[in-house]
Amino acid sequence: MLWLWIFLGMLSAGMAAWLAALAMVCISARKPRKPGKADCGIVLGAKLRPDGSMTTTLQNRVQAAAQAYGNGLIGHILVCGGRGEDYGGVTEAQAMASALTARGIPAARILTEDSSRDTRENLRNAKAILESHGFATVLLITSDYHIARALRIARDMGISAQGLPTPSPVRRSSYWRARFREVLGWGLYFRTTISARCAHRFRLRDSSSKPIAK
């Protein structure tokens, strides 16, 4: 009987943690943000439709980037996202770049990163492009439910970023599915972060325990 109570206790704790994380995502999505000017805007990728067209989520991000450029907040736009093999050869970055060009953004002001498959890769690859162009400040453009984690990852990578959140999907099922997926994203973030810190400490301990050659 004891094992049953232990199982129920663990299940209750897990559900409480899940609900707390979901509440955190929902609250952070509603946080008002008023970004200032930046050297470059980074538009994070999101999946395309099977035919290679943009979803409403991605359209909202592109629209926000175009408005930010038009209002003089950013001088360049870096669009991120690969996965071309999933959408008939069209990458997320290519789809966004085409949409920005159609909105009147000069092609010379659009940079593409089309080999990444998730937020961490988006930003890791974007950092190299930013550095190669001498951009020091960034306006991070992504969905409201995603902006907090994206900014945290950017900070971890040493990217000086502000956030420009874009609207969530309107359909209720898509709205909540995005938030549930973001809870999983936070779980992966903490797992990756903790693993990296533990590995770093082990390396430091090993290096300090090695005898110094005379």
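Predicted model: local features only at pLDDT ≥ 70, side-chain atom pairs only at ≥ 80, totals over all residues.
**View 1. The whole chain and its surface.** Residues are numbered from 1 along each chain as its sequence is written, and side-chain values use heavy atoms, with hydrogens and water left out. Of the 214 residues, 41% count as buried (under 20% relative accessible area, 1.4 Å probe, protein chains only). Along the principal axes, the C-alpha atoms fill a box of roughly 65 × 65 × 35 Å.

**View 2. The run of helices and strands.** Six helices and five strands make up the secondary structure (DSSP runs, H or I of at least four residues for helices and E of at least two for strands, numbered from the N terminus). Start at the N terminus and you'll read α-β-α-β-α-β-α-β-α-β-α. Take the contacts with a separation of 6 or more: 70% of them come from residues 24 or more positions apart (contact is heavy atoms within 4.5 Å).

**View 3. Helix α2 against helix α3.** Here α2 (residues 56-70) and α3 (residues 92-102) cross at roughly 45 degrees, and their axes come within 10 Å (axes are lines fitted to C-alpha atoms over the stretch in contact, with angles from 0 to 180 degrees between N-to-C directions). The pair is therefore oblique (under 35 degrees is roughly parallel, over 145 roughly antiparallel, 65 to 115 roughly perpendicular, and the rest oblique). The crossing of α2 and α3 is right-handed (the near helix is turned clockwise from the far one by less than a right angle). On the α2 side, look for Leu58, Val62, Ala65 and Ala66; α3 brings Met96, Ala99 and Leu100. That's seven nonpolar residues, with no polar and no charged ones (Ala, Val, Leu, Ile, Met, Phe, Trp, Tyr, Cys and Pro are nonpolar; Asp, Glu, Lys and Arg are charged; the others, Gly among them, are polar).

**View 4. Helix α4 against helix α5.** Now for α4 (residues 119-133) and α5 (residues 147-156), which pack at an angle of about 45 degrees with their axes 10 Å apart. These two helices, α4 and α5, are therefore oblique to each other, and their crossing is right-handed. Thr119, Arg120 and Leu123 of α4 meet Arg149, Ala150, Ile153 and Ala154 of α5. The α4 and α5 contact residues split into four nonpolar, one polar and two charged.

Notes: Buried < 20%, exposed > 50% of the residue type's maximum accessible area, 1.4 Å probe, protein only.
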